[in-house]
Amino acid sequence: MIWTWRYEDSAGTALDRPTPERFTNKSDAESWLGEAWRDLLESGVHQVTLLEDDRVEYGPMGLNP
């Protein structure tokens with residue numbers, strides 16, 4: 001299983017940039033987001049959805065403080 005974050009704009013439209021990181025477990029994906037959310041927000045990502053392969057685990061989750 002591969003875990004990824006789907007990056008979305010403020011309307012919920014999926015973005016094709018930046019290239020999503022790939023993780024082998026949910027914990028690593030969540031830890032990474034805790035460190036990278038500010039950079040994602042600065043690059044135009046307003047919300048994220050966590051995917052396990054193609055299945056939505058949860059989200060969307062806003063990045064604005």
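View A. Tyr58 is partly exposed, with a relative accessible area of 27% (buried means under 20%, exposed over 50% and partly exposed in between, with a 1.4 Å probe and protein chains only). The model is predicted: local features need pLDDT of at least 70 and side-chain atom pairs pLDDT 80 or more, while totals for chains, interfaces and linings use all residues. Residues are numbered from 1 along each chain as its sequence is written, and side-chain values use heavy atoms, without hydrogens and water. Aromatic pairs number 2 (ring centres of Phe, Tyr and Trp, the latter by its six-membered ring, within 6.5 Å; planes under 30 degrees apart are stacked, over 60 edge-to-face, the rest tilted). Trp5 and Tyr58 form an edge-to-face pair, 6.0 Å centre to centre with 70 degrees between the planes. Because Trp5 lies in strand 1 and Tyr58 in strand 4 (residues 55-62), this pair ties together parts 53 residues apart in sequence. Trp5 is buried, at 2% relative accessible area.

**View B. The pair of Phe23 and Trp32.** These two rings are tilted, at 5.7 Å centre to centre and 50 degrees between the planes. Phe23 counts as buried, with 11% relative accessibility.

**View C. The largest nonpolar core.** This core has 12 residues, including Trp3, Trp5, Tyr7, Phe23 and Leu33 (buried Ala, Val, Leu, Ile, Met, Phe, Trp, Tyr and Cys joined through side-chain atoms within 4.5 Å). Strand 1 (3-8), helix 1 (26-42) and strand 3 (47-52) each give two or more residues (DSSP runs numbered from the N terminus: helices H or I, at least four residues; strands E, at least two). Helix 1 gives the most, with 4 residues.

**View D. Surroundings of Leu33.** Beyond its neighbours within four places in sequence, Leu33 is in contact with Trp5, Leu40, Val48, Met61 and Leu63 (heavy atoms within 4.5 Å).
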